[in-house]
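Here is a short briefing on the fold shown below. Please keep the model open while reading.

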Amino acid sequence: MALDEFRDLLERHGRPDLDTAIGGVRICKADHTVSAGSSMSGTVFALVAQGTKRLALGGRVYEYGAGQYLVTSVDLPVTGYFADAAPGRPALGFGMTLEPAVIAELLLQAGPGDLPRSPGTARLGIAVSDASDELVDAVVRLLRLLDRPRDRRALVPLVKREILWRLMNGEQGEVVRQLGLADSSLSHITRAVRWIRENYPRPFRVEELAQLSGLSVSAFHKNFQTVTGLTPIQFQKHIRLQAARLLLANQPTDIAGVGRRVGYDSLSQFSREYRRLFGEPPSRDAARLRGGNSPAAALP
């Protein structure tokens with residue numbers, strides 16, 4: 001069965017740093033359950049071969065297991081972990097970066113009736129579905145190329161295109177297709193997401209982000225929350241706190257300084273919001289991170 005070979009390929013090629021010899025492809029192999037790790041999701045397709053992955057965004061929790069996949073069409077601040085990894089039966093997952101340029105090219109090449117009709121309305125930029133046999137088979141053929149270096153240059157782009165095509169025609173195809181549309185609701189919101197990510201310490205006015213996105217304030221509010229699952233302020237808060245956590249791993253005693261660097265004027269507010277997101281105050285969490293008990297990096 002395709003899933004059996006899928007598991008075998010992931011177990012053989014999984015590395016601690018998740019990287020592979022195929023650009024944009026990562027493999028997660030976790031042999032024990034760790035505390036939830038927070039990160040930016042990227043725009044990615046993630047398929048589980050073994051184990052159960054839980055991912056939280058705002059107040060929502062997404063769970064997907066063997067034979068199920070998740071897609072994210074916008075870079076989102078998420079918290080996730082494999083719930084049932086164990087020695088002898090590791091959790092195994094595959095991830096591939098979604099490439100808007102390739103999706104746009106496939107959209108242009110598609111003939112009338114080749115793809116489902118798109119309603120053109122904003123959708124949450126993260127979704128979970130069951131993988132079709134055809135999709136799993138394409139992923140397996142991509143992973144086989146890890147054992148065939150002479151074939152990679154010619155065949156990797158072709159198999160990646162097939163995977164994207166399967167996703168575009170699948171249950172979450174609308175989420176993926178929006179990535180290739182220059183004037184989709186997603187593309188408007190992505191401009192604001194990028195600005196917040198690059199300028200997270202700075203305060204902003206929602207009216208300015210709406211103008212940047214080319215939307216009215218009311219449409220911006222509605223579409224931003226629909227796509228990201230968060231308000232713009234909540235999104236900025238998640239980015240700030242994730243950045244603070246990375247800084248604290250290297251500067252564990254400078255809590256106030258780190259808080260200021262990520263945009264907090266109030267130390268008490270910084271500590272309160274940090275604990276709410278990560279479960280511990282900054283000082284205790286920093287000591288744990290320095291002690292080597294940091295959350296493991298993983299696929300979305």
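**Briefing: strands, helices and selected residues**

Leu-18 lies in the loop between α1 (2–13) and β1. Helices (H or I, at least four residues) and strands (E, at least two) are DSSP runs, numbered from the N terminus. This is a predicted model: local features need pLDDT of at least 70, side-chain atom pairs count only at pLDDT 80 or more, and totals for chains, interfaces and linings use all residues. Residues are numbered from 1 along each chain as its sequence is written, and side-chain values use heavy atoms, with hydrogens and water left out.

**Leu-18**

- Leu-18 is buried, at a relative accessible area of 3%. Buried means under 20% relative accessible area, exposed over 50%, and partly exposed in between (1.4 Å probe, protein chains only).
- The phi angle of Leu-18 is near 75 degrees, a positive value in a residue other than glycine.

**Overall build**

- The protein has twelve helices and nine strands.
- Its radius of gyration is 20 Å, close to the 19 Å that the globule rule gives for 300 residues, so the protein is as compact as a globular protein of that length. The radius is taken over C-alpha atoms, and the rule is 2.2 Å times the number of residues to the power 0.38.
- The C-alpha trace spans about 55 × 50 × 30 Å along its principal axes.
- Of the 300 residues, 47% count as buried.
- Take contacts between residues at least 6 apart in sequence: 73% of them join residues at least 24 apart. Contact means heavy atoms within 4.5 Å.
- The protein exposes about 14300 Å², and carbon and sulfur atoms supply 49% of this area. Accessible areas come from the Shrake-Rupley method with a 1.4 Å probe; for residues, only the protein chains shown count as cover.

**Strand β8 and its partners**

- Strand β8 covers residues 91–97, and six of its seven residues are buried, so the strand is largely enclosed by the rest of the structure.
- Strand β1 (residues 25–30) runs antiparallel to β8, joined by six bridges. Two strands pair if DSSP finds at least two bridges between them.
- Strand β3 (residues 44–50) also pairs with β8 in the antiparallel sense, over six bridges.
- Met-96 of β8 stands opposite Val-25. Phe-45 stands opposite Met-96 too.

- Leu-98 sits in the loop between β8 and α2. Its relative accessibility is 2%, so Leu-98 counts as buried.
- Beyond its neighbours within four places in sequence, Leu-98 is in contact with Thr-43, Val-44, Phe-45, Thr-72, Ile-103, Leu-164, Leu-167 and Leu-179.
- Glu-99 is in the loop between β8 and α2 (100–109). At 33% relative accessibility, Glu-99 counts as partly exposed.
- The C-alpha atoms of Glu-99 and Val-176 are separated by 9.7 Å, and the two residues are 77 apart along the chain.

**Strand β7**

- Five of the six residues of β7 (residues 77–82) are buried, so this strand is largely enclosed by the rest of the structure.
- Strand β4 (residues 52–57) runs antiparallel to β7, with four bridges joining them. Arg-54 stands opposite Tyr-81 in β7.

**Helix α4**

- Helix α4 (residues 149–168) has 20 residues and reaches 28 Å from its first C-alpha to its last, close to the 28 Å expected at 1.5 Å a residue. The expected span is 1.5 Å times one less than the number of residues.
- The helix bends by about 55 degrees at Leu-155, and Pro-157 follows within four residues. The bend at a residue is the angle between axes fitted to the seven residues ending there and the seven starting there.
- Buried residues of α4 include Val-156, Lys-160, Leu-164 and Leu-167.

**Helices α6 and α9**

- The 14 residues of α6 (residues 185–198) should span 20 Å, and the end C-alpha atoms are 21 Å apart, which agrees.
- Among the buried residues of α6 are Ser-185, His-188, Ala-192 and Ile-196. The buried residues of α6 pack against α7 (206–213), α8 (217–228) and α9.
- Gln-242 is in helix α9 (residues 232–250). At 10% relative accessibility, Gln-242 counts as buried.
- Leaving out neighbours within four places in sequence, Gln-242 contacts Ser-38, Ser-39, Met-40, Pro-77, Val-78 and Phe-278.
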